[in-house]
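Try each task yourself before you read its solution.

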Amino acid sequence: MKKQFKKILVIKMRFHGDMLLTTPVISTLKQNYPDAEIDVLLYQDTIPILSENREIHALYGIKGKKANGLSKACNFVNLLLKLRRNRYDLVVNLADQWMISVLVRAIPAQVKISHKFAHRESTFWHNSFTHLTAPHGEHVVMNNLSVLEPLKINNLKTDLTMSYAEQDWKKIDQQLLELGVHSSYVVIQPTARQIFKCWDDEKFAEVIDALQSRGYQVVLTSGPSQDDLDCVENIASLCHTRPITELAGKTTFPELGALIAHSALFIGVDSAPMHIAAAVKTPIVCLFGATNHVFWRPWSENVVQFWAGDYEAMPPREKLDRNKKYLSIIPASDVIKATEKMLPMNIRSIMTRF
């Protein structure tokens, strides 16, 4: 398909990490259609993770499940009217929500491409698009990029993009200085949206003690929920020397990106900050439990990945206990050895941040 597109809409409605993992699609479109304005339709609460991405012209937020019915309906209608006025000539859909077919039909674009979804086999869904492609790819990044196959694009951009402004780093840098963080630091985000993706607080504390005994300062981060903050506080209370917790739950996504980008190492579980670390090229030690550790692994070469399935058998998805910490089988000693592999053995002198 040899066309030049001037107005492009990309649709994806999932969580923060999923949105970051769509950025190679956006970058590929921008590289091949440099004069195009690329808009993104996403959930309102995930807008911040893409807010500083300069390849995106506009972000349109749709209300999620927590909004009441009337509010969601009004939001949907208002968005639909705005999107119709934009006169897109290409729509790229990565979302599987049923309402997308209604929305896409109402947008008068010449080309509308989408992934096929096993649970969206209706004639109405299929006829909402001009081209459908079966998703494929060992990793989610390549899986997402496969939606572009009808465009016959040969040069794909596969890097993730996590953008932040210079002011974001200046703010974080000042806060770190005020907190006494002068040496090379490690960012640890122990929390995730679901408990089955989490590791034991005691083991995180062991890792922190080992890092701080070698001269590294540790900055604990998390989301703003009370459960997340309680987790961070409990881990800190278990450490011989308390790590930095003052930034937990208080950073914007661009600020978190800046914090992770300037760190010596990121340690965490399967969550959005792990993908942020991959995007900003920070070395990673990550832990996976009863999830697809290949499809969702960090999109990075500089990573040590632990999978609970290497220690004991993991249940299939349909038998997953979402209240069980499957990562508990991973020993703290193994993670500590990984940090020693990823970082210099001794760092006692103060290092200059850039």
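The exercises below all use this predicted model.

**Exercise 1.** Work out how the rings of Trp125 and Phe129 are arranged, and whether these residues are buried or exposed.

*Solution.* Start with the whole structure: a search turns up five aromatic pairs. One of them joins Trp125 and Phe129, with 5.4 Å centre to centre and 55 degrees between the planes. Planes under 30 degrees apart count as stacked and those over 60 as edge-to-face, so 55 degrees makes this pair tilted. Next, check the accessible area. Trp125 has a relative value of 2% and Phe129 has 8%. Buried means under 20%, so Trp125 and Phe129 are both buried.

**Exercise 2.** Classify the pair formed by Trp199 and Phe204.

**Exercise 3.** Find which rings have an arginine over them.

*Solution.* Take Phe124 to begin with: Arg105 lies over its face, 3.9 Å from the ring centre. Then go to Phe15, where the charged end of Arg193 sits 3.5 Å from the centre of the ring.

**Exercise 4.** Describe the largest nonpolar core and what Leu29 touches.

*Solution.* This core has 57 residues, and Ile8, Leu29 and Val92 have the most contacts inside it. Helix H10 (residues 253-261) contributes the most, with six residues. Leaving aside residues up to four places away in sequence, Leu29 touches several residues, including Ile8, Val10, Leu90 and Val92.

Notes:
Residues are numbered from 1 along each chain as its sequence is written. This is a predicted model: local features need pLDDT of at least 70, side-chain atom pairs count only at pLDDT 80 or more; totals for chains, interfaces and linings use all residues. Side-chain values use heavy atoms; hydrogens and water are left out. Rings of Phe, Tyr and Trp (its six-membered ring) pair if their centres lie within 6.5 Å; planes under 30 degrees apart count as stacked, over 60 as edge-to-face and the rest as tilted. Buried means under 20% relative accessible area, exposed over 50%, partly exposed in between (1.4 Å probe, protein chains only). A charge sits over a ring if NZ of Lys or CZ of Arg is within 6 Å of the ring centre and within 35 degrees of the ring normal. A nonpolar core is a set of buried Ala, Val, Leu, Ile, Met, Phe, Trp, Tyr and Cys residues joined through side-chain atoms within 4.5 Å. Helices (H or I, at least four residues) and strands (E, at least two) are DSSP runs, numbered from the N terminus. Contact means heavy atoms within 4.5 Å.
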